[in-house]
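Please examine the sequence and the structure shown below.

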Amino acid sequence: MTTLALPSPTPGLIATINARMWLDHTIDGRVFSPVLLTYPAPQFEDANPVEVERQMSIVAASLGARPPGPALPDVGERVTVHDGGVTLVHFDGSPYALRLPKHPRWTQVVAGLGQVLLAVGLDELSSTASRAEVDEYLDAAATCDRLYFGLATVTSQRRTTQRRP
């Protein structure tokens, strides 16, 4: 079976991605930092779910994110924290990066942890979704295998991204 390669995300797609970051804890109390990337729901029209899935599949592929499995894929150096708290997510095949919203506490913790859990949702989500709506989205997406994941390394400078098999 032949797999078609997906194109790199366009600057327009990267600019529209919603990013939500938070700190969470594992069952044994260890801190981890997810970043949920979703396609924004249009305000005045319906989005084409097939097109949304195609666009977000491009995002997932360019990050090395995959459907849930026995282990998280290590997607390499994808997140860069710069002086002043600017945090960027880098994509394969694109000179453009996604600038994450500034959250000094999150950025400080992530820089110390050295890793971020990237989660790419294949469905749209309103950019004004409440915490409860995001939780509902995550539950529904996880149940239907509509989330792709990758464990990204955080760096303080951009380097060539290399995926590990």
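Strand β5 (residues 74–81) and strand β9 (residues 147–155) run parallel and are joined by 5 bridges. Within this pair, G76 stands opposite A152 in β9. The model is predicted, so local features need pLDDT of at least 70 and side-chain atom pairs count only at pLDDT 80 or more, while totals for chains, interfaces and linings use all residues. Residues are numbered from 1 along each chain as its sequence is written, and side-chain values use heavy atoms, with hydrogens and water left out.

**The sheet**
- The open sheet has 7 strands in the order β1-β4-β8-β9-β5-β6-β7, with mixed pairing.
- Its edge strands, β1 (18–21) and β7 (97–99), each pair on one side only.
- From one strand to the next, the twist averages 35°.
- Two strands pair if DSSP finds at least two bridges between them; strands (E, at least two residues) and helices (H or I, at least four residues) are DSSP runs, numbered from the N terminus.

**The helices**
- Helix α2 (residues 49–63) packs on the sheet, touching β4 (34–40), β5, β6 (87–90), β8 (115–125) and β9, where contact means heavy atoms within 4.5 Å.
- The direction of α2 makes about 165° with that of β8; axes are lines fitted to C-alpha atoms, for helices over the stretch in contact, and angles run from 0 to 180 degrees between N-to-C directions.
- Helix α4 (residues 131–143) lies across β1, β4, β8 and β9, at about 85° to β8.

**A loop residue**
- D145 is found in the loop between α4 and β9.
- The phi of D145 is near 55°, a positive value in a residue other than glycine.
- D145 is partly exposed, with a relative accessible area of 49% (buried is under 20%, exposed over 50%, partly exposed in between, with a 1.4 Å probe and protein chains only).
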